[in-house]
Amino acid sequence: MNLEAEMLVYGLAKTKEKFGDKVKEVFGVEINIPTLPFPQMKLLDVYDELKTRYDFTVPEEEKTDLTTEAERLCERLAKDKFGHEFLFVTDYPPAKRAFYHMRKRGVLQGYDLIWKGIEITSGAQREHRYEEIKKNAQEKGLTDDVKFYLESFKYGMPPHGGFAIGVDRLTMLLLNLPSLKETQFIFRGPDRLDP
């Protein structure tokens with residue numbers, strides 16, 4: 001999480017330094033450089049704050065992940081509570097997350113990073129222990145379809161983790177564009193798979 005936050009601050013600072021004036025001229029957007037550290041909240045604490053501050057509620061069974069509306073409200077929550085544009089949300093239960101996320105006392109060792117009300121990253125410490133990852137996969141009803149993946153874990157896998165971040169989504173949010181289609185040279189989606 002720290003690595004990602006530092007990377008984003010660095011990238012935004014360099015972008016502003018090199019292209020800030022042009023971005024403002026063409027898109028009318030001032031590039032803001034966030035401060036470190038980025039604020040963090042546990043998932044259930046986010047829902048409690050959304051209820052207290054904005055009278056926003058969701059059914060209990062939906063509190064295993066951020067709903068789209070909760071994600072959008074995180075933009076306001078991050079600004080109101082922390083004076084920040086970014087918010088790390090942690091402590092997800094395993095129900096709606098991938099089987100390869102490491103768990104500690106039933107809580108996933110992962111996060112989502114929200115910027116401007118949109119998730120830009122999911123990251124996690126990955127499970128590296130064969131018996132644990134096999135059990136987690138079976139719990140999700142995955143057996144033969146992930147057998148090839150699990151094979152490499154049989155012989156030992158070092159502890160590892162990571163996150164994925166899309167330059168398209170970052171560009172969309174940075175420039176306040178209405179959709180990803182505006183950020184990609186050749187957009188691919190459900191209705192357009194071929195150039």
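**Close-up views of a predicted protein chain**

**Figure 1. The whole chain.** Starting at the N terminus, the elements of the protein chain follow the order α-β-α-α-β-β-β-β-β-α-α-β-α. That comes to 6 helices and 7 strands. Helices (H or I, at least four residues) and strands (E, at least two) are DSSP runs, numbered from the N terminus. This is a predicted model: local features need pLDDT of at least 70, side-chain atom pairs count only at pLDDT 80 or more, and totals for chains, interfaces and linings use all residues. Residues are numbered from 1 along each chain as its sequence is written, and side-chain values use heavy atoms, with hydrogens and water left out. The C-alpha trace spans about 55 × 45 × 35 Å along its principal axes. Of the 195 residues, 38% count as buried (under 20% relative accessible area, with exposed over 50% and partly exposed in between; 1.4 Å probe, protein chains only).

Figure 2. Strands β5 (residues 110-115) and β6 (residues 118-126) run antiparallel, joined by 6 bridges. Two strands pair if DSSP finds at least two bridges between them. Tyr111 stands opposite Gly123 of β6. The hairpin has 2 residues between the strands. Lys116 takes a positive phi there, near 55 degrees.

**Figure 3. β6 beside β7.** Strand β7 (residues 160-163) pairs with β6 in the antiparallel sense, over 4 bridges. His160 in β7 is the bridge partner of Arg126.

**Figure 4. Thr121 in β6.** Thr121 lies in strand β6. Is Thr121 buried or exposed? Thr121 is buried, with a relative accessible area of 1%. Leaving out residues up to four places away in sequence, Thr121 touches (heavy atoms within 4.5 Å) residues including Tyr111, Asp112, Leu113 and Phe163.

**Figure 5. Helices α2 and α3.** The axes of α2 (residues 43-54) and α3 (residues 68-82) come within 10 Å and cross at roughly 75 degrees. Axes are lines fitted to C-alpha atoms, for helices over the stretch in contact, and angles run from 0 to 180 degrees between N-to-C directions. So α2 is roughly perpendicular to α3 (65 to 115 degrees). Among the residues making the contact are Val46, Tyr47 and Leu50 of α2 and Leu73, Cys74 and Leu77 of α3.

Definitions and conventions:
Parallel < 35°, antiparallel > 145°, perpendicular 65-115°, else oblique.
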